[in-house]
Amino acid sequence: ALPEGARLVLLGDPHQLTSVEEGAVLASLTGSPDPEAVGPETAGMAHTLCGWELPALPTPAPPLAENLIALRRTYRFRQDSGIQALAQALRAGDTPRLQFVLAQPWPDVTISPWRTEAELTALFGRHALPAFKPLGRLSPDAALAAIDRLRILCPMRHGPGGVAHANALLEAMLRTTSDPWFPGRLILVLANDPELDLANGDVGITLAAPGRGLRVWFAGPRSVPPAALGAGESAYA
């Protein structure tokens with residue numbers, strides 16, 4: 001339903017993980033075997049006009065080949081950072097390169113191996129607990145800003161190093177009573193709730209409101225009582 005002469009720009013990430021590869025719509029639409037390459041005509045023009053050597057798709061190229069542009073510069077972290085080197089090795093599936101990267105001293109990457117539950121608990125005690133514990137005493141604005149700077153990322157959903165176990169372990173370390181709701185509990189919304197204006201993926205934090213008991217605060221900021229929330233789970237990891 002676009003008017004004549006309109007330009008449609010589709011922006012997406014072709015480097016999808018296996019768990020979400022069925023959501024790689026952009027790669028499916030373009031039919032490109034190489035998301036980093038451009039069409040032969042575009043590559044030739046770039047070489048002629050600018051002297052650039054861009055990776056080109058083979059001929060015959062997919063129908064949308066000349067409409068593809070790869071954005072290669074990352075703004076999340078410095079190009080010479082350890083995180084960048086790790087990301088490149090992981091994306092390429094280059095195990096020797098990954099092992100080499102992990103062996104280097106980086107200011108933004110620290111490797112702390114663990115093998116037992118006690119070692120994992122000790123790691124959380126050193127690195128995660130000091131960051132999450134003060135959240136329950138902050139104002140809603142400060143708490144919501146703080147949780148945007150804290151992330152525990154797990155490589156899997158289940159198992160000893162998985163999201164579910166990490167959340168349960170941290171919650172046990174933070175909770176001081178048997179009540180599942182306590183100041184500082186992070187909650188991830190798992191289903192859209194139009195009545196509360198909440199969407200799947202929203203993250204909130206539980207705080208004590210004077211005279212109103214516990215409330216879960218979301219960006220806005222706005223708050224809802226814990227009992228009003230539908231499907232959700234703890235969201236430390």
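**Group meeting: a walk through one predicted chain**

Some ground rules. This is a predicted model, where local features need pLDDT of at least 70, side-chain atom pairs count only at pLDDT 80 or more, and totals for chains, interfaces and linings use all residues. Residues are numbered from 1 along each chain as its sequence is written, and side-chain values use heavy atoms, with hydrogens and water left out.

Back to Ser-223. It sits in strand β4, residues 222-224. Strands (E, at least two residues) and helices (H or I, at least four) are DSSP runs, numbered from the N terminus. Is Ser-223 buried or exposed? Ser-223 counts as buried, because its relative accessibility is 17%. Buried means under 20% relative accessible area, exposed over 50%, partly exposed in between (1.4 Å probe, protein chains only). Leave aside neighbours within four places in sequence, and Ser-223 is in contact with Arg-212, Arg-215, Val-216 and Trp-217. Contact means heavy atoms within 4.5 Å.

Now the whole chain. How many helices and strands does the protein chain have? There are 8 helices and 5 strands. The order along the sequence is α-α-α-α-α-α-α-α-β-β-β-β-β. The C-alpha atoms fill a box of roughly 70 × 50 × 30 Å, taken along the principal axes. Of the 237 residues, 29% are buried. Take the contacts with a separation of 6 or more: 49% of them are between residues 24 or more positions apart.

Next, helix α3, residues 82-92. Which of its residues are buried? They are Gly-82, Gln-84, Ala-85, Leu-86 and Ala-89. The cover over the buried residues of α3 includes α4 (95-102). After α3 comes Gly-93, with a positive phi near 65°.

Last stop, Leu-8. Leu-8 lies in the segment before α1 (25-30). Leu-8 counts as exposed, because its relative accessibility is 57%.

So we have seen both cases: Ser-223 is buried, and Leu-8 is exposed. Thanks, everyone.
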